[in-house]
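Thanks for coming, everyone. Please take a look at the structure on the screen, and then I'll walk you through it.

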Amino acid sequence: MDVQELPEDEAAKLRSAAHTYEEVGNTAIGPVAGFNWFERSVILQRRDFERAAQDLLSWQVQARSGLRVSASDTPLQPSTVVLMRLGPGPLSLRIPCRVVCLIDEPDLVGFAYGTLPGHPEAGEERFALRRHANGGLELTVAAFSRPASNLAKFGGPFSRVFQDAMTTRYLRALDMP
């Protein structure tokens, strides 16, 4: 899937924006008071760790999940900003985020991004790809969030269902061509 380059003027605006939550980096720790928390994992069918890591760090999880992705950097790095969109044209939902950490270990690769103003939720999401001793690959998505927009607040239980559906898409994305 194609990932677009984020125009520099838009990237500059997102780089200068403050995160919409205080607990930056806390997806590495676990649940955060006052936020909804989830963590889900899947064992992938593929076993090519380096290529899967490249896909993960090149926004393919998001793009293959149906989001239109425009990023300041591909592959991503700390402080990369991204504007994802869901839905048709001018009616699409804006999903701006900034990478808050990069994971780069021999058998563990990933990143976390945090929400910026305009995102329907406030919080952070972490994507981690682990290579097990048997060569199997496991993708874990963890997040803490709470509604930040009227759409998310009024969506109530539907917002949680939607987030769960997107997480399922994320977990399947690295096994897609």
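Predicted model: local features only at pLDDT ≥ 70, side-chain atom pairs only at ≥ 80, totals over all residues.

β4 and β5 pair in the antiparallel sense, over six bridges. Two strands count as paired if DSSP finds at least two bridges between them. Residues are numbered from 1 along each chain as its sequence is written, and side-chain values use heavy atoms, with hydrogens and water left out.

Back to the strands. β4 and β5 form a hairpin, with six residues between them. Gly 87 sits in that turn and has a positive phi of about 110°. Look at Leu 83: opposite Leu 83 in β5 stands Pro 96. Leu 83 is also the bridge partner of Ser 70. That takes us to β3, residues 68-71, which pairs with β4, residues 81-86. This pairing is antiparallel too, over four bridges. Arg 68 faces Arg 85 of β4.

How covered is β4? Mostly: five of its six residues are buried. Buried means under 20% relative accessible area, exposed means over 50%, and partly exposed is in between, with a 1.4 Å probe and protein chains only.

Next, helix α2. Which of its residues are buried? Phe 49, Ala 52, Ala 53, Asp 55, Leu 56 and Leu 57. What covers them includes α3 (60-64), β5 (93-105), β6 (108-115), β7 (121-131) and β8 (137-147).

Trp 59 leads us inside. In soluble globular proteins, nonpolar side chains tend to be buried together. Here the largest nonpolar core has 34 residues. Trp 59, Phe 111 and Leu 129 have the most contacts inside that core. α2 gives the most to this core, with five residues. A second, separate core has seven residues, including Leu 6, Ala 11, Leu 14 and Val 81. A core is a set of buried Ala, Val, Leu, Ile, Met, Phe, Trp, Tyr and Cys residues, joined through side-chain atoms within 4.5 Å. Leaving aside residues up to four places away in sequence, Trp 59 touches several others, among them Val 3, Val 69, Leu 76, Phe 111 and Tyr 113. Contact means heavy atoms within 4.5 Å.

On to charges. Side chains of opposite charge can pair when their charged atoms come close. How many salt bridges does the structure hold? Nine. The cut-off: a side-chain nitrogen of Lys or Arg within 4 Å of a carboxyl oxygen of Asp or Glu.

Take Glu 50 and Arg 131 first. Their side chains meet in a salt bridge, 3.3 Å from N to O. Glu 50 lies in helix α2 and Arg 131 in strand β7, so the pair ties together parts that are 81 residues apart in sequence. Glu 50 is exposed, at 55% relative accessible area. Arg 131 is partly exposed, at 26%.

Then Arg 46 and Asp 48. The closest N and O atoms of this salt bridge are 2.8 Å apart. Arg 46 counts as buried because its relative accessibility is 14%. Asp 48 is partly exposed, at 32%. Asp 48 is found in the loop between β2 (36-43) and α2 (49-57). The C-alpha atoms of Asp 48 and Leu 137 are separated by 8.1 Å, and these residues are 89 apart along the chain.

Arg 51 is partly exposed at 46%, while Asp 55 is buried at 6%. Salt bridges that share partners join Arg 46, Asp 48, Arg 51, Asp 55 and Arg 64 into one network.

That's my tour. Questions, please.

Methods: Helix = DSSP H or I, 4+ residues; strand = E, 2+ residues; numbered from the N terminus.
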